[in-house]
Amino acid sequence: MDNFLQTLTNGIDHFIGLFKAGGTQFVGLVTGILPTLIVLMVAINSIIKLIGEKRVDKFAEKMSKYVISRYLILPFLGVFCLANPMCYTFGRFLKEEHKAGYYDAAVSFVHPITGLFPHANPGELFVWLGISAGLTTLGQSVTKLALFYFLTGLIVIVIRGFVTERVYKYLVTKAKQ
């Protein structure tokens, strides 16, 4: 009976300990990344308001003409300026045959940008913090890792956007036959 009570007591302690650890993590976020995140979101929204939403929209429309700008610059700007999930609205400027590629590029970029620009996708922040925790535990900077994620993400979105565009065109051609 004593073993059962001790096991039950330990289980309850660990259960409550889980929530205490979550609370400690939450306090760390509130005093650490959340103020930075809020300031970044306010800054980006202020810049868009200063430039004017119509000008931003017109620029996005011009960027949709070329493969590199369509699958590199436009997704970057969409994710950086509008954040997830609003970044997908830049796809409205694209021809129908380019929308799938743009979506693939944008959705593939919402994680790699988070290490450098956490405002872009706060939902992915917990993934980034989990991945970078190893370096933080070792007392090392996570900036280099964030930069490599970012640069790799830029390369990947161009490839994915282009390949998805080609697959879409192939499937549309097959469907018409």
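**Ground rules**

Residues are numbered from 1 along each chain as its sequence is written, and side-chain values use heavy atoms, with hydrogens and water left out. The model is predicted, so local features need pLDDT of at least 70 and side-chain atom pairs count only at pLDDT 80 or more, while totals for chains, interfaces and linings use all residues.

**Confidence**

pLDDT is the predictor's confidence in each residue, from 0 to 100. The chain has a mean pLDDT of 87. Of its residues, 100% reach 70 or more. Helices (H or I, at least four residues) are DSSP runs, numbered from the N terminus. Among the elements of the chain, α7 has the highest mean pLDDT, 95. Helix α2 (residues 33-51) has the lowest, 78. Where pLDDT is low, the predicted coordinates should not be read in detail.

**Salt bridges**

Side chains of opposite charge can pair when their charged atoms come close. A salt bridge here is a side-chain nitrogen of Lys or Arg within 4 Å of a carboxyl oxygen of Asp or Glu. By this rule the count is 5.

| Glu-96 | Lys-99 | 3.5 Å |

How exposed are the partners? Relative accessible area gives the classes: buried is under 20%, exposed is over 50%, and partly exposed lies in between (1.4 Å probe, protein chains only). Lys-49 is exposed at 60%.

Glu-96 and Lys-99 both sit in helix α5 (residues 96-109). They are 3 residues apart, which means a separation of about one helical turn. An α-helix has 3.6 residues a turn, so residues three or four places apart point the same way. Glu-96 is exposed at 52%. Lys-99 is partly exposed at 31%.

Asp-104 is buried at 12%. Arg-160 is partly exposed at 38%.

There is also a network of salt bridges. It links Arg-70, Glu-165 and Lys-169.

**Helix α6**

Helix α6 (residues 125-137) has 13 residues. From first C-alpha to last it reaches 17 Å. That is close to the expected 18 Å, where the expected span is 1.5 Å times one less than the number of residues.

Where does α6 kink? The kink is centred on Ile-131 and is about 35 degrees. The bend at a residue is the angle between axes fitted to the seven residues ending there and the seven starting there.

Leu-125, Trp-128 and Ser-132 are the buried residues of α6. They pack against α2 and α7. Gly-139 follows α6, with a positive phi near 80 degrees.

**Ser-69**

Ser-69 is found in helix α4 (residues 67-82). Is Ser-69 buried or exposed? At 8% relative accessibility, Ser-69 counts as buried. Leaving out residues up to four places away in sequence, Ser-69 touches Met-63, Leu-74 and Pro-75. Contact means heavy atoms within 4.5 Å. The side chain of Ser-69 also reaches the backbone oxygen of Tyr-66, at 3.1 Å. Val-158 is 89 residues from Ser-69 along the chain, yet their C-alpha atoms are separated by 9.1 Å.

Note on methods: Helices (H or I, at least four residues) and strands (E, at least two) are DSSP runs, numbered from the N terminus. A polar contact is a pair of N or O atoms within 3.5 Å; within protein, one must be able to donate a hydrogen and the other to accept it, and residues adjacent in sequence count only if both atoms are side-chain atoms.
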